[in-house]
Amino acid sequence: MHDMAVEARAVEARAVTKIFGSDDSAEVTALDDVTVSIRENEFFTLLGPSGCGKTTLLRLIAGFDHPTRGEIRLHGEDISHLPPYQRRVNTVFQSYALFPHMTVAENIAFGPEMLGQPRAEVARTVDEMLGLVRMEEFSARRPEQISGGQQQRVALARALAAHPRVLLLDEPLSALDLKLRKEMQIELKRLQHETGITFVFVTHDQEEALTMSDRIAVMNAGRILQIGAPREIYDHPAERFVANFIGESNLLRGELGVVTSATGTVTLSSGVTLSASVPDGAVRAGAGRTSGQTSGQTSSQTLVNVAIRPEHVQLAASPDAGTLSGRVENVVYFGTDTLYHLRLVTGEPFTVRMQNTRDGSPDARIGDTVGVSIRAGVAQVLQD
Amino acid sequence: MSGWRNRGQPFSSRRIPGFAGIALATFALLYAPIAILVIYSFNAGLSIAIWEGFSLKWYVQAWNNEAVQEATLRSLGVASVAATVATLAATMAALATTRTRPFRGMTAIYTLINQPLMVPEIVTAVALLIFFAIIKVATGYTGIVYLVAAHTAFCIPFAYLPIRARLESMDLSLERAAADLYATPWMTFRRVTLPLLWPGIMAGFMLAFVISLDDVVITEFVKSAGQETLPTYMLGQIRRVMTPEVNAISTALLLAGVVFVTLFFALSRKR
Amino acid sequence: MSAPPSGPAPAASSSGLDPGRAARLAGEVARRDIRTRWMLSLPAIAIVTAAAAGPLLIVLVYSFLTPGPYGNVEWRFSPDAWINVVLQKDIFDDTWQWADAHLRIFWRSLELSFLTTALTLVLGVPTAWFIATRNERTRVVWLFLITIPFWTNLLIRTIAVMELIRNEGVINSALIGLGLIEQPIQMMFTDFAIALGMTYVYLPLMVLPVYASIEKLDFRLVEAGYDLYASRRKMFLRIILPLVKPGIIAGSILVFIPSLGAYVTPRVLGGGKNLMLGNLIELQFGQGRNWPLGAALAITLMAMVMVALLYYVHVTGRGRRWHG
């Protein structure tokens with residue numbers, strides 16, 4: 001059992017803390033007790049705003065920095081203090097970091113050469129990699145003689161040429177324009193599929209993370225807030241930060257009622273009661289006022305935040321028909337859909353996103369009072 | 001407003017009346033003496049001021065002058081050794097003092113290396129005269145090493161400047177990428193850092209070479225008897241009757257300097 | 001030390017969570033890095049210390065010794081050299097008097113250095129402005145034309161000036177040839193010759209830093225000034241000059257310091273009579289045979305230069321604080 005579990009983990013960070021600056025006055029905690037395990041062959045994304053610690057974590061895995069506390073493991077082996085050149089991981093740098101004094105082919109050959117592969121084998125690897133990224137015709141060019149997108153592909157080929165067990169990608173697409181970025185997203189997915197290598201991908205772009213990843217770790221202020229498949233993270237954000245950073249959310253205050261396994265009832269401040277998904281930690285998070293716990297059922301008087309996605313709710317046919325009601329303050333037309341910004345009777349803002357179908361969907365104007373219908377299970381109780 | 005217009009030229013905030021005139025006059029003043037010096041090196045006559053026809057005879061005479069030959073070889077020898085050693089030491093020091101968080105003593109290293117730039121040459125010259133006199137008495141050795149050591153020392157800051165500048169503009173992630181691709185620190189240095197630094201090192205060498213070749217003051221104080229370099233030989237000559245031979249030597253030295261400085265600029269600008 | 005909460009605990013991991021070990025390793029890596037950096041700096045430090053910086057301390061020691069009869073020193077303490085910098089004993093009645101000769105040379109050195117700085121300013125600022133306002137391609141050429149003399153032999157440039165102003169030099173020959181004068185005008189071996197020569201050789205040191213600061217000038221500010229109906233004169237004094245000031249200060253210091261310590265130019269153009277400090281120092285090691293006095297004068301010169309440098313650091317440091 002244990003052995004298999006180890007086998008399946010490509011990279012593990014255990015209780016990793018990284019503090020920069022040795023003199024006490026200027027210490028910055030870049031990573032605060034982070035634990036994560038990345039599975040073999042998965043496309044794993046570290047997602048968060050700049051300064052959240054995602055790049056620091058990547059640099060610790062690559063070996064450019066070493067953890068202050070905790071350890072980094074590669075396939076079960078502690079590599080926390082190995083230098084980068086002794087780790088079977090390779091990096092695609094944000095700036096590509098192609099060697100300007102070498103040709104494309106020489107750049108790609110660098111890793112295998114340093115590993116001491118015989119010349120014939122190096123040549124074979126270079127050809128194979130050039131084919132993989134479709135850059136055969138450019139092998140004799142210098143990095144400054146090819147476009148940004150091509151440099152990106154060479155950087156990928158160079159990192160893959162040494163057959164790493166894990167590939168680290170540090171915001172590799174951020175320098176490309178939108179169209180090229182979309183192409184490279186597909187290309188990256190294809191490469192990961194073809195090579196079967198574990199990809200650890202760092203980005204601040206939530207859309208990029210959602211479309212490409214098998215699993216995502218959402219980070220903020222040096223901590224991992226939630227790890228899960230894209231769908232899980234989007235539909236069931238655990239915390240306010242996640243709910244707002246990935247997509248948009250309406251946040252409402254409410255009182256948590258009876259909780260059975262993963263669902264419970266929430267009474268909003270307007271008096272309406274909804275059924276909502278409840279994450280594991282939610283009840284514990286508000287534990288200060290929890291009155292009692294009995295066999296999977298919790299009865300409590302806990303104040304919680306509830307997140308509701310604007311596109312998961314609809315305007316009701318009439319003002320009284322919905323679960324909530326409010327006045328329309330603004331209407332923004334987007335082509336595919338329309339955003340209605342409402343002010344609920346409780347004074348809280350609320351947004352509804354309606355798809356623009358041509359068959360008589362309800363049409364509201366500024367100043368109208370409208371109802372909002374919320375299906376069961378759409379609301380999500382947050383941990384904070 | 002109309003006052004600006006009626007000067008016949010379109011108004012420009014970059015034009016200040018009179019400045020262009022002074023600037024062009026300055027350039028003329030800067031180059032006229034050098035031009036005259038070069039022109040009279042080709043004078044057939046004995047004078048440095050009265051033109052008597054074109055001739056290369058002063059070049060021939062300088063070429064055949066044994067003292068000039070000896071001084072030239074000594075100048076080139078000292079400059080070669082001093083510039084090489086200085087460039088090597090400066091490269092190592094530049095590698096040590098760039099791209100790191102300031103550590104205790106780093107400012108001291110930096111200040112010490114640049115010290116020869118801050119102290120007047122005459123003071124360093126006097127200091128070396130005294131110091132080497134002590135050593136000469138103690139060891140009895142009066143060879144060329146003193147001159148080479150002195151030249152190496154004041155060449156170091158000049159070699160250090162372009163090397164340091166290039167290191168600082170070098171992308172750190174390139175060396176990280178090499179380490180990531182299994183290059184040991186030594187291989188990273190040999191295959192990535194050194195090739196990228198090379199133009200800076202060559203620029204540093206050129207500068208050090210020119211500085212050594214041109215030095216008068218320190219050489220004048222440090223040299224033992226019979227250790228004339230080309231500049232000190234010339235300094236000795238101009239006390240006497242000036243002939244265009246000095247102009248010929250000057251012109252040759254100027255040409256060498258211009259070539260080296262041009263190479264230096266080409267190398268500094270290279271990406 | 002606690003075992004990891006879950007998963008296997010192979011030998012390698014048992015110490016991995018020990019925070020002390022990680023910190024020790026990190027500290028070890030940092031120390032080794034700093035040691036390597038010191039080792040790499042060592043050759044440069046050693047050479048500069050042995051053949052430039054270190055001997056300065058010996059100069060200080062020598063300034064407190066007794067002059068030897070044939071040059072060099074006797075190892076007996078004596079403050080005479082320092083007293084001699086400004087005072088001298090009258091040869092007849094042994095009373096102390098001002099050392100007029102020294103003071104005159106100090107004064108001449110300062111005067112000529114200020115004059116040189118002023119002259120390079122008058123010529124250098126317009127030149128720098130002219131270069132900075134050329135279009136990009138020609139600017140490189142003009143800049144190169146300024147830099148070439150900067151790196152060419154100072155002695156040769158001095159000789160070039162000498163050939164111009166000698167009695168039998170180009171100017172006098174031309175004037176006599178044209179019949180304008182009969183006797184050559186004595187220009188060599190005067191203070192004028194020294195100031196002219198120093199202005200000539202140090203001019204690039206003024207142009208380059210001033211150019212650098214003009215190049216950074218945002219011409220939209222100048223346009224904004226004109227837009228607010230400033231006259232050209234006001235414009236120059238109120239907006240351009242303050243913005244270019246750092247470059248002017250840097251250039252002035254760069255010219256003033258080598259002027260103060262000049263040796264070659266006054267020796268060639270000033271002759272034996274119009275000495276500057278550098279030549280006075282040299283004299284003590286040659287004909288004067290008073291090494292301690294030479295040492296004391298050298299340290300005095302160095303102190304004057306340090307004052308100028310400190311003033312520069314002070315001014316630029318303050319400027320930096322102002323600009324955030």
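Two strands count as paired if DSSP finds at least two bridges between them. Helices (H or I, at least four residues) and strands (E, at least two) are themselves DSSP runs, numbered from the N terminus. The model discussed here is predicted, so local features need pLDDT of at least 70 and side-chain atom pairs count only at pLDDT 80 or more, while totals for chains, interfaces and linings use all residues. Residues are numbered from 1 along each chain as its sequence is written, chains are lettered from A and ligands numbered from 1 in the order in which they are written, and side-chain values use heavy atoms, with hydrogens and water left out.

Start with the sheet in chain A. Strand E4 of chain A, residues 69–74, pairs with E5(A) in the antiparallel sense over 2 bridges. Within this pairing, Leu74(A) has Glu77(A) in E5(A) as its bridge partner. Both strands belong to an open sheet of 4 strands in chain A, with the order E2-E1-E4-E5 and antiparallel pairing. Why is one side of strand E2 and of strand E5 of chain A left without a neighbour in the sheet? Strand E2 (28–39) and strand E5 (77–78) of chain A stand at the edges and each has a single partner strand, so one side of each has no neighbour there.

Another part of chain A is built around strand E7, residues 166–170. Of its 5 residues, 5 are buried, where buried means under 20% relative accessible area, exposed means over 50%, and partly exposed lies in between (1.4 Å probe, protein chains only). On one side of E7(A) the buried residues are Val166(A), Leu168(A) and Asp170(A), and on the other they are Leu167(A) and Leu169(A), so both faces are covered. E7(A) also has partners in pairing. Strand E6 of chain A (residues 89–92) pairs with E7(A) in the parallel sense over 4 bridges, and Val89(A) stands opposite Val166(A). Strand E8 of chain A (residues 198–203) pairs with E7(A) in the parallel sense as well, over 5 bridges. There, Val200(A) in E8(A) is the bridge partner of Leu168(A).

Next come two loop residues. Most residues other than glycine have a negative phi. Asn41(A) is not a glycine, yet its phi is positive, at about 65°. Asn41(A) lies in the loop between E2 and strand E3 (43–47) of chain A, and its relative accessibility of 43% makes it partly exposed. In chain C, Asn72(C) has a positive phi of about 55° and is not a glycine either. Asn72(C) sits in the loop between strand E1 (65–67) and strand E2 (73–77) of chain C. With a relative accessible area of 26%, Asn72(C) is partly exposed.

Chain B is helical: it has 13 helices and 0 strands. Its C-alpha trace spans about 80 × 70 × 35 Å along its principal axes. A compact globule of 271 residues would have a radius of gyration near 18 Å, whereas chain B has 24 Å; this radius is taken over C-alpha atoms, and the globule rule is 2.2 Å times the number of residues to the power 0.38. Buried residues make up 54% of the 271 residues in chain B. A contact means heavy atoms within 4.5 Å. Among contacts in chain B between residues at least 6 apart in sequence, 71% join residues at least 24 apart.
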